[in-house]
Amino acid sequence: MIDILNAITLLANYIIVPSLAYGSQLALGALGITLVYAVLRFSNFAHGEMMSFGTMISIFTIWLFQSAGISIHPLPTALLAIPVSIMITIMLLLILDRTVFRYYQAQRVQPVTFMIVSVGVMFFLAGLIRFFIGTSKKNFADGERFIIKASEFKQITGLAEGVSIRTTQAITVIVTLVLVTAVFWFLNKTRTGKSMRAFSDNEDLALLSGIKPERVIIITWMLVGALAAVAGTLYGLDKGYKPFVYLQLVLPIFAAAIIGGVGNPIGAVIGGYVIAFSEAFITFAYKRFFTYLLPEEWAPEGLVQMLSTEYKFAVSFVLLVIVLLVRPTGLFRGKTL
Amino acid sequence: MKKIMGVSAAILMLASPAYAEDIKIGISLGFTGPLESLAPAMNNGAQMAISEVAESKSLLGGSNVVAVTGDSTCADTAAAVATGERLVTSENVNAIVGAMCSGAAQAVLEGVAMPNGIVMISGSATAPVLSTVEDNGLFFRTAPSDARSAEVLAEILIEQGYKSAAITYVNNDYGSGLGSAIEANFVAGGGTVTINAGHEENKGDYSADVAALAQAGGDILVVAGYADGGGGAIIQGSLDSGSFETFFLPDGMYADSLTATFGSDIDGSFGASAGTDSPGDATFKTLFAEAGHEYNVYAGEYYDAAALIMLAMQAANSSSSSDLKDHVMDVANAPGEKIYPGELAKGLKILADGGEIDYVGASAVELIEPGESGGAYLQYEVQNGKFATVGYR
């Protein structure tokens, strides 16, 4: 019995807790991408850099608060900075919309052209971010680091394995839950949300029923900006901020959005967790897990690892290919909100 | 007109009567190529030793000694051989200091030095293969082989009583070479390696890497990576998940930024990197700065390389490579009077009088078979959240 508990604790410590946090960050990112795709109908490759921009604003705000002596110990100051970051990121996106995207919208260009435009925006933002904050790593997590440490858990329960839960991981999961619920409520219950869904479902019909496209687009960018700022800040809070890492994040985020069905918000959120958990489950070494569960003489000598950790990103790719082959629409039918 | 003057000057030079002896030492370094930023300091180091000896006028009864430089590049072995060929056949150098990179050094050794019987002393070629390559006793190096560092590191691990270790290395030439060399030496010394896994630099998240290492287990985690990159992140992850508490930190992790991040959390972690407490190191750096040069790695090793060539000439009482090659080990190692940087004239005088010297130089030279530096290492440990030096070996 103790062995089974130990095995479960082991998985909780190395897979479940980290993947819940990572999955939440991916889910928020994928939700942003899916919203852009559903309403504006293009793949927004600049989303990673938008997240990075939001994080940068959070960091500057945190520094400002810290120098003014404002803190909410034991919680990280980042929570205070997030609203500021959301506002400035939304402003940036609205400016980008006005100066870049609106022009192509008016031309009614092909989605491919739009996609390339977003790549251009991505490079512009990447340069802008490096110009302001540089390329080095910034740690901005303050406050209490752990909710429970592995050693404390071992002491309390008397198990051989411990679970450590970091404050940032818990905050990530809670904030994601709140935000995702809020977005769904907005889309399904409010008049504006419904008009967004109508626009996404059939643009011409929506125009005929008196929905203003400019308004819908502005609201979409505002939602996307908020999601990007929160997702980026949570990721940086949890893992430390390095500007170029956000470019790498674009791959798992797109994989999450596509697996869930592009344009489908529920799918995007679930896709985020699917990617995070499969990366962890497939690259995990089960040696000690089986040592606990199996009789002693059956204990494995090797690491019992399906795929070496270097191939973590490949897992997103493979899942993507499988989903596109077997169920091209994604797990949930995509295209509209 | 200009041409005529140039030609006549050349004729004049050829016609000018030869002095008792004019010794030429070739300096073949990668002045162009991927490590070109390091070459000037190395060149200045070697030049400094040569001009020190030339000014003293005590080498082989007052012979003059000059340096001839050539570009060995780093990766282009054909260019390195061509440069070596020029130094030996048209400049008639007596010996060569260099080459800089291991590949170039091996190419010059096999293509030029061995056919012509010319001694080569490199101060920076550290590839293990140069220890075993056929060299007719002509090749020496004042820098230790990379294999030697791993040997020392594994020795320390075993001495500290560790029986099993997990190894994570940064996935590049430095990390994978060091990781597998530590594994080989540690296993040879009776230890067990539970896992030897690479990690990529510049990732956002290392939790999967940490999970794999933790499942393999081990008394200690060897982190052959970079303090400011993946290595530091893996230590963070290991501490967070409670999987390892003590870490073995090779030179890439020996940075104050590491202790600034983790403080007392990594107390008891230890490691070693190249370093010496020999007074020669400090003396050399002072002399080097006084001469107006900017210090960079291996400058001292090149001072020593050039100095060893000239001291060996004095000991052999001949400027020919075929004679001096048998005396390099003698002047570098005990017994004899210790010679530090700036004391080359003293060393030459002792040798001229038939005495013996033990050249210490800038890098605490101690040549082990087959003619390479054993290396000097600094062993450190994290105590009270700071790196503290616990000894030299």
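Predicted model: local features only at pLDDT ≥ 70, side-chain atom pairs only at ≥ 80, totals over all residues.
**Overall architecture of chain B**

Chain B contains 15 helices and 16 strands. Its radius of gyration is 23 Å, close to the 21 Å that the globule rule gives for 393 residues, so chain B is as compact as a globular protein of that length. Along the principal axes, the C-alpha atoms of chain B fill a box of roughly 80 × 45 × 40 Å. Of the 393 residues of chain B, 52% count as buried. When contacts in chain B between residues at least 6 apart in sequence are considered, 69% join residues at least 24 apart.

The domain assignment divides chain B into domain 1, made of 19–143 + 278–373, and domain 2, covering 147–266. The centres of these two domains of chain B, taken over C-alpha atoms, are separated by 36 Å.

**Contact between the chains**

On the chain B side, 18 residues are in contact with 29 residues of chain A. The elements of chain B that give two or more residues to this side are β7 (192–199), α8 (207–216) and α9 (230–241). With eight residues, α8(B) gives the most. By residue class, the side of chain B that touches chain A divides into seven nonpolar, seven polar and four charged residues.

| Helix | Residues | Number of residues | End-to-end C-alpha distance | Expected span |
|---|---|---|---|---|
| α7(B) | 173–188 | 16 residues | 22 Å | 22 Å |

For α7(B), the distance from the first C-alpha to the last is close to the value expected at 1.5 Å a residue.

The buried residues of α7(B) are B:Gly175, B:Leu178, B:Gly179, B:Ala181, B:Ile182, B:Glu183, B:Asn185 and B:Phe186. An α-helix has 3.6 residues a turn, so residues three or four places apart point the same way. The partners against which the buried residues of α7(B) pack are α6 (146–159), β6 (164–170), β7 and β8 (220–224) of chain B. Among these partners is β7(B), which also gives residues to the side of chain B that touches chain A. Just after α7(B), B:Gly190 takes a positive phi of about 100°.

Helix α10(A) is mostly covered, with 13 of its 16 residues buried. This helix of chain A is followed by A:Gly261, whose phi is positive, near 100°.

Notes. Residues numbered from 1 in each chain as written. Chains lettered and ligands numbered in written order. Contact = placed C-beta atoms within 7 Å. Helix = DSSP H or I, 4+ residues; strand = E, 2+ residues; numbered from the N terminus. Nonpolar A, V, L, I, M, F, W, Y, C, P; charged D, E, K, R; others polar. Domains from an automatic or database assignment. Expected span 1.5 Å × (residues − 1). Buried ≥ 20, exposed ≤ 12 C-beta atoms within 10 Å, placed from the backbone. Rg over C-alpha atoms; globule rule 2.2 N^0.38 Å.
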